[in-house]
Amino acid sequence: MLRPTVRGGRSMSLFTIEKLLHHRELPGLELAAGKKASEKEILNVNIIDNPDTYDWLSAGDFLLTTGYIFKDDPAMQQKLIKELSEINCAGLGIKVKRYLDHIPGVMIRTANNRNFPIVQIPYDYTLAYVSNVINNEIFKREDSLLKKSITIHSILTNCALNGGSLDEIAFQVSSLIGNPLIIVDSKWRLLAYAEHPGNQRLLKDY
């Protein structure tokens with residue numbers, strides 16, 4: 001019987017706000033607001049240099065800024081957090097000591113009320129450097145997903161080419177996804193099934 005070379009059952013590691021805060025290449029980052037949302041996944045990174053950029057933002061975006069565009073405008077500070085939260089962006093990184101001595105209280109209060117993460121970035125880091133570190137992590141995840149997809153396709157193709165039965169295919173898929181599997185026809189008649197070691201209720205009992 002063929003054995004798969006990859007195993008499922010665990011989701012690919014996500015790059016989250018929490019992981020950003022503990023990244024070895026970015027020591028000194030601090031979570032200023034939104035502590036309850038530190039597990040939000042970062043899917044993309046952008047630098048904000050224009051107050052009218054909401055139209056091209058997407059859910060999962062992590063935004064970087066020096067704060068120049070809103071440094072003297074409390075109303076804009078509050079609006080920014082509200083808009084980013086409603087878009088479901090991953091968070092906002094603000095570089096301090098350039099145009100802002102500290103992150104404004106109105107931004108922290110608004111972000112905490114909306115469970116929206118604000119990360120304080122030390123003056124020593126350029127926004128381009130922070131962006132590159134985040135992009136590298138995102139690209140590594142996408143590369144891993146692509147490699148896993150290719151591996152899964154190869155395993156199932158080899159199984160079919162080698163004359164694998166429906167039971168064999170069920171076993172392979174069950175191993176890949178890390179769950180028991182049942183295959184039925186259009187009338188819900190059982191064709192094949194595969195148990196999984198982690199399943200405490202065996203399919204054969206049903």
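## Overall fold

The chain holds five helices and seven strands, taken as DSSP runs numbered from the N terminus (helices H or I, at least four residues; strands E, at least two). Along the sequence their pattern is α-β-β-β-α-β-α-β-α-α-β-β.

This is a predicted model, in which local features need pLDDT of at least 70 and side-chain atom pairs pLDDT 80 or more, while totals for chains, interfaces and linings use all residues. Residues are numbered from 1 along each chain as its sequence is written, and side-chain values use heavy atoms, without hydrogens and water.

## Burial and contacts

Of the 206 residues, 39% are buried (under 20% relative accessible area; exposed is over 50%, partly exposed in between; 1.4 Å probe, protein chains only). Among contacts (heavy atoms within 4.5 Å) with a separation of 6 or more, 66% join residues 24 or more positions apart.

## Threonine 65

Threonine 65 lies in strand E3, residues 61-65. Its relative accessibility is 1%, so threonine 65 counts as buried. Beyond four places in sequence, threonine 65 touches Ile48, Phe70, Leu92, Gly93, Ile94, Lys95 and Leu127. The threonine 65 side chain also reaches the backbone nitrogen of glycine 67 at 3.0 Å.

## Nonpolar patch

Ile182, Val184, Trp188, Leu190 and Tyr193 make a nonpolar surface patch of about 560 Å². Strand E6 (181-184) and strand E7 (190-194) are the elements giving two or more residues to the patch. Patch residues have over 30% relative accessible area and no salt bridge, with nonpolar side chains joined within 5 Å. Valine 184, in strand E6, has a relative accessible area of 31% and is partly exposed.

Key
Patch = residues over 30% accessible without salt bridge, like charges linked within 9 Å, V, L, I, M, F, W, Y side chains within 5 Å. Areas by Shrake-Rupley, 256 points an atom, 1.4 Å probe, with all protein chains shown as cover. Salt bridge = Lys/Arg side-chain N within 4 Å of Asp/Glu carboxyl O. Polar contact = N/O pair within 3.5 Å; in protein donor to acceptor, adjacent residues only side chain to side chain.
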